[in-house]
Amino acid sequence: MNYEDLKELVRYLKKVTKCSECNSHFVNDDISVLATIPLEAIFQLNCQKCSNTMLVNIGIKHERDHRAIVTEQDVKEMHNFLDNFNGDFKGLFNHSKK
Ligand SMILES: [Zn+2]
């Protein structure tokens with residue numbers, strides 16, 4: 001993912017994403033990039049008002065001659081996943097084998 005794509009995603013995050021605890025919008029200083037792959041990035045959002053931390057997986061879809069940022073629904077589903085996920089990857093994979 002190039003710098004222009006990242007900037008676009010950050011603009012998108014600032015526009016549509018709100019803190020899940022106190023509903024405030026994020027600003028540039030609250031947003032840091034944890035990881036990027038060619039069409040997706042994982043952002044960490046730190047709310048300055050209530051110290052809540054959120055992880056957002058967001059990507060850009062390239063469709064023919066136009067680009068679209070993944071829908072808010074996708075972001076919400078990721079939030080739901082992270083809300084219910086305790087960070088135990090080993091347990092997650094063991095569980096899925098049963
Ligand atoms: Zn907050």
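**Fold, core and loop residues of the predicted model**

Ser 51 is placed in the loop between S2 and S3, where helices (H or I, at least four residues) and strands (E, at least two) are DSSP runs numbered from the N terminus. The structure is a predicted model, in which local features need pLDDT of at least 70 and side-chain atom pairs count only at pLDDT 80 or more, while totals for chains, interfaces and linings use all residues. Residues are numbered from 1 along each chain as its sequence is written. Although Ser 51 is not a glycine, its phi is positive, at about 65°. Ser 51 counts as exposed because it has 10 C-beta neighbours inside 10 Å; a residue is termed exposed if 12 or fewer other C-beta atoms lie within 10 Å of its own, buried if 20 or more do, and partly exposed in between, with C-beta atoms placed from the backbone.

A positive phi is also found at Asn 23, a residue other than glycine, with a value near 70°. Asn 23 belongs to the loop between H1 and S1. With 10 other C-beta atoms within 10 Å, Asn 23 is therefore exposed. Most residues other than glycine have a negative phi.

The secondary structure of the chain consists of three helices and four strands, which follow the pattern α-β-β-β-β-α-α along the sequence. Of the 98 residues in the chain, 13% are buried. Contacts were defined by C-beta atoms, placed from the backbone, that lie within 7 Å. Among contacts in the chain with a separation of 6 or more, 39% are accounted for by residues 24 or more positions apart.

Strands S1 (residues 31-37) and S2 (residues 40-46) pair in the antiparallel sense over six bridges, pairing being assigned if DSSP finds at least two bridges between two strands. The two strands form a hairpin, with two residues between them. Within this arrangement, Ile 37 stands opposite Glu 40 in S2. S1 is hardly covered, as the count of buried residues among its seven residues is zero.

The largest nonpolar core is made up of eight residues, namely Leu 9, Leu 13, Phe 26, Ala 41, Phe 43, Met 54, Val 56 and Ile 58. Such a core is a set of buried Ala, Val, Leu, Ile, Met, Phe, Trp, Tyr and Cys residues joined through C-beta atoms within 7 Å. At least two residues of this core are supplied by each of helix H1 (3-16), S2 and strand S3 (53-63). S3 gives the most, with three residues. In soluble globular proteins, nonpolar side chains tend to be buried together.

Leu 55 also lies in strand S3. Leu 55 counts as partly exposed because it has 14 C-beta neighbours inside 10 Å.

His 25 is located in the loop between H1 and S1. With 13 C-beta neighbours inside 10 Å, His 25 is therefore classed as partly exposed. When residues up to four places away in sequence are not counted, His 25 touches Lys 14 and Lys 18. A separation of 8.3 Å is found between the C-alpha atoms of His 25 and Cys 47, which are 22 residues apart along the chain.

Terms used: Contact = placed C-beta atoms within 7 Å.
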